[in-house]
Amino acid sequence: MIAGLGATGQQGGATARALLEAGADVRALVRDPDADAAVAVKDAGAELVRTDAEDAEALRAALAGTDALFAMTTFAGRDGTEGEVRRGRLIADAARDAGVPHVVYSSVGGAERQTGIPHFESKRRVEEHMTALGLHTTFVRPTFFMENFTRFLTPATEDGVVVLRAPLAPGVPLQMVAVDDIGVAAAAALLDPGRVPGGAIEIAGDELTGEQIAAAFGERAGLPSRFEPLPLDVLADDPDQQAMFTWFTTPPSYRADVAETRRLVPGLKDLRAWLAAEVRS
């Protein structure tokens with residue numbers, strides 16, 4: 001029985017699907033069992049348990065009798081990174097108290113390298129707490145989500161040309177990974193911790209420059225493309241994002257091994273394969 005936090009979100013949902021496809025029993029810990037996303041997870045075969053990551057007692061009860069836990073945290077919300085650290089520590093404490101034999105924590109590429117990026121540092125502090133507790137933990141550290149290019153860095157089509165505008169330095173590659181592949185990697189680690197020697201892996205499915213990313217979107221649309229770099233000061237009102245995109249400008253930032261990722265995720269998608277799947281869906 002594998003428990004999953006965030007099973008109605010991106011990474012948690014992807015992990016739950018991968019586990020169910022592998023034949024595992026999944027206990028999805030959700031805040032609202034009646035939400036559409038929760039019902040979809042239940043219909044796919046998961047057990048739903050109402051749980052709140054802020055409720056230590058409910059977490060301990062939900063984790064009782066489980067063989068492993070998938071956990072992730074987010075800095076979204078009014079309490080930002082401090083809230084993320086608090087929730088991460090609470091989850092770790094609950095896993096320890098419930099005697100969970102193995103935890104897979106989805107962190108972020110570079111978390112262990114003291115980047116100074118606020119939401120990387122908060123995940124590092126969660127990692128450190130899990131380690132200090134003596135939890136048997138595997139850290140899966142994803143790079144930039146490919147889905148970000150359909151959410152907040154979406155290319156535009158202007159006068160028959162696909163244009164990608166982003167605060168990325170020209171000619172500097174960025175490592176990235178599809179959310180579904182994060183789920184497959186996490187599921188692999190949950191089912192067999194020995195598949196991640198050393199207990200941590202940074203994962204990516206592709207490494208492309210802004211120009212190459214624009215070209216991939218142009219090819220999908222059957223149109224010419226161009227990349228227009230934006231200055232970092234467009235992020236001046238978001239210090240966290242400004243710190244991250246500044247970090248991207250000086251390689252190597254992320255340091256994932258694509259070949260090693262493919263060992264965990266045999267069907268690992270590069271950006272073009274991910275785009276083709278997006279079209280089919």
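User: How much of the protein counts as buried, out of its 281 residues?

Analyst: This is a predicted model. Of its 281 residues, 51% count as buried, the cut-off being under 20% relative accessible area.

User: Why is V103 called buried?

Analyst: Its relative accessibility is 1%. Buried means under 20%, so V103 counts as buried. V103 is placed in strand β5. Leaving out residues up to four places away in sequence, V103 touches L69, A95, M130, L135, H136, T137 and T138.

User: Which way do the residues of β5 point?

Analyst: V103 and Y105 point one way from β5 (residues 103–106), V104 and S106 point the other way, and all are buried. In a regular strand the side chains alternate between the two faces of the sheet.

User: How do you know that β4 and β5 pair?

Analyst: They share 4 bridges in the parallel sense. Pairing needs at least two bridges, so β4 and β5 qualify with their 4. F70 stands opposite V104 in β5. Between the two strands the chain passes through helix α4 (residues 80–98), and this β-α-β crossover is right-handed.

User: What joins β5 to β6?

Analyst: 4 bridges join β5 to β6 (residues 137–142), and the two strands run parallel. From β5 the chain goes through helix α5 (residues 118–133) to β6, in a β-α-β crossover that is right-handed.

User: Where does E127 lie, and is this residue buried or exposed?

Analyst: E127 lies in helix α5. Its relative accessible area is 5%, and the cut-off for buried is under 20%, so E127 is buried. Beyond its neighbours within four places in sequence, E127 is in contact with Y105, S107, A111, F139 and R141.

User: What makes a set of residues a nonpolar core, and how many residues has the largest one here?

Analyst: The members must be buried residues of the listed nonpolar types, joined through side-chain atoms within 4.5 Å. The largest such core has 34 residues, and those with the most contacts inside it are L19, V104, L190, I203 and L264. Elements giving two or more residues to this core are α1 (10–21), β2 (26–30), α2 (36–43), β4 (68–72), α6 (179–191) and β11 (200–203). The largest share, 8 residues, comes from α6. L19 touches I2, A24, V26, A187, L190 and L191, not counting residues up to four places away in sequence. Apart from this core lies another, of 30 residues, among them L164, L168, A216 and F217. In soluble globular proteins, nonpolar side chains tend to be buried together.

User: Why is Q114 called exposed?

Analyst: The relative accessible area of Q114 is 58%. Exposed means over 50%, so Q114 is exposed. Q114 lies in the loop between β5 and α5. Its phi is near 50°, a positive value in a residue other than glycine.

User: Where is D159, and why does this residue count as exposed?

Analyst: D159 lies in the loop between β8 (156–158) and β9 (161–166). Its relative accessible area is 84%; with the cut-off for exposed at over 50%, D159 is therefore exposed. D159 has a positive phi of about 55° although it is not a glycine.

User: Which peptide bond is cis, and what is its omega?

Analyst: The bond from P251 to P252 is cis, with omega near -5°. P252 lies in the loop between α8 (239–248) and α9 (258–264).

Notes. Residues are numbered from 1 along each chain as its sequence is written. This is a predicted model: local features need pLDDT of at least 70, side-chain atom pairs count only at pLDDT 80 or more; totals for chains, interfaces and linings use all residues. Side-chain values use heavy atoms; hydrogens and water are left out. Buried means under 20% relative accessible area, exposed over 50%, partly exposed in between (1.4 Å probe, protein chains only). Contact means heavy atoms within 4.5 Å. A crossover is right-handed if, with the strands pointing away from the viewer, the path from the first strand over the helix to the second runs clockwise.
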